Structure formats: C-alpha cells, structure tokens
Amino acid sequence: MIVEDDVFIGPYAVIRADETDADGGMEPIRIGRGSNIQDGVVIHSKSGAAVTIGSRSSIAHRSIVHGPCTVGDEVFIGFNSVLFNCTIGDRAAVRHNSVVEGCRLPPGFHVPSTTTVHSDADLAGRGKTNIFWLFASAEA
C-alpha cells in the first residue's frame with residue numbers, strides 16, 4: 001500500500017491488499033496526495049489487481065472501492081457508493097448511494113445519486129459537471 005502526503009484516512013476505514021494473482025503477484029493500492037478517505041470506507045482488490053486513488057480526491061463515508069479500479073484526481077465519491085472494476089476520470093462525481101462497475105467514466109462526468117452504471121452504454125445521455133469548487137480550498 002502506498003499512501004502519499006497529506007492523506008486523511010478516517011476511523012474504521014479498511015484498506016486491504018491481501019489477495020494475490022495466480023502467479024502470487026500483487027499490484028499496490030495507491031492513495032494520492034491530499035486525498036480524503038472517510039469513516040468506514042473499504043478499499044480492496046480482487047486477485048491482486050491495482051487500486052489507484054488520485055490526488056485531492058474524496059471518498060465519502062461507507063463507500064466501497066473494489067479493484068481493479070482507478071479513481072482520477074479531484075474526484076468526489078458520495079457516501080455508500082460502490083465502485084468495482086472501473087475507471088473514474090479526473091474531476092468526476094459519483095453521488096451518494098450509486099453503483100459504478102465495468103465502465104470508464106470520462107473526466108468531469110456526473111453520476112446522480114442512487115444511479116447504477118453497469119457498462120459504458122449506461123452512460124449515454126448523461127452530462128459532465130465541474131466539481132472543481134470542492135477542491136479549490138485545498139489548493140489555497
């Protein structure tokens with residue numbers, strides 16, 4: 001596990017890198033500089049696959065990030081959300097109680113609360129957002 005500078009990891013968060021691939025290998029779980037991993041978050045990976053959380057990203061209370069998974073920079077993941085086998089682009093927002101799996105969210109993409117996304121096809125007709133305001137104070 002690699003945790004960069006200025007990362008907050010809240011109470012009862014679980015970060016587990018304890019499974020290996022068929023050859024006994026394991027990719028790291030990496031949490032980027034200035035990120036916020038709140039209370040009760042679970043970060044885990046299947047069969048030793050990598051999990052990467054970018055810089056200045058926020059993973060809210062009781063969310064699950066299950067690898068293989070990549071979360072970009074300045075991303076917001078709302079409470080109780082589940083990410084699995086997906087890539088979340090920079091400055092995207094996955095709102096509360098949502099499930100995102102098996103897809104690639106483009107940068108700036110917004111997933112509304114209680115939405116389930118199972119593939120790239122589920123993204124059609126949904127729009128981008130700008131969540132920079134969430135992180136503006138962190139860079140001051």
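Which residues are linked with Arg 56 in a network of salt bridges? Hi everyone, let's get to that one step by step.

First, some housekeeping. What you see is a predicted model, where local features need pLDDT of at least 70, side-chain atom pairs count only at pLDDT 80 or more, and totals for chains, interfaces and linings use all residues. Residues are numbered from 1 along each chain as its sequence is written, and side-chain values use heavy atoms, with hydrogens and water left out.

Now the overall picture. The chain has 16 strands and zero helices; both are DSSP runs numbered from the N terminus, with helices being H or I of at least four residues and strands E of at least two. Of its 140 residues, 39% count as buried. Here buried means under 20% relative accessible area, exposed means over 50%, and partly exposed is in between, with a 1.4 Å probe and protein chains only. If we take contacts (heavy atoms within 4.5 Å) between residues at least 6 apart in sequence, 23% of them join residues at least 24 apart.

On to the charged pairs. A salt bridge here is a side-chain nitrogen of Lys or Arg within 4 Å of a carboxyl oxygen of Asp or Glu. Searching the whole structure turns up four of them.

One is between the side chains of Arg 30 and Glu 4, at 3.9 Å from N to O. Arg 30 sits in strand S4 (residues 29-31) and Glu 4 in the loop between strands S1 (2-3) and S2 (8-9), so this pair ties together parts that are 26 residues apart in sequence. Arg 30 is partly exposed at 32% relative accessibility, and Glu 4 is partly exposed with a relative accessible area of 32%.

Another joins Arg 16 and Asp 18, at 2.9 Å from N to O. Arg 16 is partly exposed at 37%, and Asp 18 is partly exposed at 45%.

Then we come to Arg 56 and Glu 74, whose side chains meet at 3.0 Å, N to O. Arg 56 lies in the loop between strands S7 (51-53) and S8 (58-59), while Glu 74 is in the loop between strands S9 (64-71) and S10 (76-77), so the pair ties together parts 18 residues apart in sequence. Are these two buried or exposed? Arg 56 counts as buried at 17% relative accessibility, and Glu 74 counts as buried at 3%.

And that brings us back to the opening question: Glu 74 and Arg 91 are linked with Arg 56 in a network of salt bridges.
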